[in-house]
Each structure stands twice: as C-alpha cells, then as structure tokens.
Amino acid sequence: QLQAFGGGLVQAGGSLRLSCVASGDTFSTYGVGWFRQVSGKDREFVAAISWSGTNTYYTDSVKSRFAISRDNTKNTVYLQMNSLKPEDTAVYYCVADRVGWGPKVKYEFWGQGTLVTVSS
C-alpha cells in the first residue's frame, strides 16, 4: 500500500516536496516513481528511481526542476519539485513495481494521489 502526501497550493516559481510511504518490508526491492494526471487527460509519467536509488529517469518537461529520491530505511520516496509552473498542476500518484522501474513499466501498485495546484 502506498500513501502519498505533500500536495497543496503554491505560486509559480515555488517549491513543494511530495512524499510517499509504502507499507511492508520489501520496499527496497521495488522500483518506484511518480505519475501525474490532469482532469480529462491521460496519466503522465513524471519520474522514477531504481531499487537502490542509484539511477533516476525524468520526463523532459521536469528535468532540472524535479528530483526524485528514496529512503529505504523509511520506506519512503520523495519528489522535490522546484520552479513550479502552472502546467505542473495535476494529481500526483506514487507508484511501485516488483519487477522494474522507468517510464515504460506497467506499475503494479498505485497510491491514492495528492493534488498539486500551481497558481500563476
């Protein structure tokens, strides 16, 4: 089970940090990441991180602004979002998978989502 939190309202140019806590004792063996969805549109891959945290992958629109990280001792994955833009407004979902990580994985587990709103 994944529980995401940290969303909220922020002005353009501001920052937010999302957190996602996983239950269970095998978190360190899961690839994890973040997706986002705007109402009426398909879910979009945002970022992913490998099991050990050594490797990361970002969609082009967030590179250099967002940073994904994980703390396996706390069963937590983070998404630090800087220089936020109105187009980053979406519901953000954390995801996890026992097999892989990256943009093309069909993630097995999904959190409930947390809303990020960026005002102009």
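Q: How many disulfides does a search of the whole structure find?
A: The search of this predicted model finds one disulfide.

Q: Which residues form the disulfide, and how far apart are their sulfur atoms?
A: Cys20 and Cys94 form it, with their sulfur atoms 2.0 Å apart. The link of Cys20 and Cys94 is right-handed, with 50° about the S-S bond.

Q: What does the pair tie together?
A: Cys20 belongs to strand 3 (residues 16–22) and Cys94 to strand 9 (residues 90–97), so the link joins parts that are 74 residues apart in sequence.

Q: Is Cys20 buried or exposed? And Cys94, buried or exposed?
A: Cys20 has a relative accessible area of 1%, and because buried means under 20%, Cys20 counts as buried. Cys94 is also buried, at 0%.

Q: Turning to the core: how many residues does the largest nonpolar core have?
A: The largest nonpolar core has 28 residues, and those with the most contacts inside it are Trp34, Leu79, Met81 and Tyr92.

Q: Which strands each supply at least two residues of this core?
A: Among them are strand 1 (2–5), strand 4 (31–37), strand 8 (76–81) and strand 11 (114–119).

Q: What is Tyr92 in contact with, leaving aside its neighbours within four places in sequence?
A: The contacts of Tyr92 include Leu18, Trp34, Phe35, Val46, Phe66, Leu79, Met81 and Val116. Arg36, Gly113 and Thr114 are in contact with Tyr92 as well.

Q: Which residues are in the other core?
A: Another core, of five residues, lies apart from the largest one; among its members are Phe35, Ala48, Val95 and Tyr107.

Q: Next, strand 1. Which residues are on its covered face, and which on its uncovered one?
A: Leu2 and Ala4 make up the covered face of strand 1, while Gln3 and Phe5 make up the uncovered one. In a regular strand, side chains alternate between the two faces of the sheet.

Q: In what sense do strand 1 and strand 3 pair?
A: Strand 1 and strand 3 pair in the antiparallel sense, over four bridges. Phe5 has Ser19, in strand 3, as its bridge partner.

Q: And overall, how many helices and strands does the protein have?
A: The protein has zero helices and 11 strands.

Q: What share of the residues is buried?
A: Buried residues make up 44% of the 120 residues. The accessible surface comes to about 6300 Å², with 49% of it belonging to carbon and sulfur atoms.

Conventions
Residues numbered from 1 in each chain as written. Predicted model: local features only at pLDDT ≥ 70, side-chain atom pairs only at ≥ 80, totals over all residues. Heavy atoms only, no water. Disulfide = S-S within 2.5 Å. Buried < 20%, exposed > 50% of the residue type's maximum accessible area, 1.4 Å probe, protein only. Core = buried A, V, L, I, M, F, W, Y, C linked by side-chain atoms within 4.5 Å. Contact = heavy atoms within 4.5 Å. Pairing = 2+ DSSP bridges. Areas by Shrake-Rupley, 256 points an atom, 1.4 Å probe, with all protein chains shown as cover.
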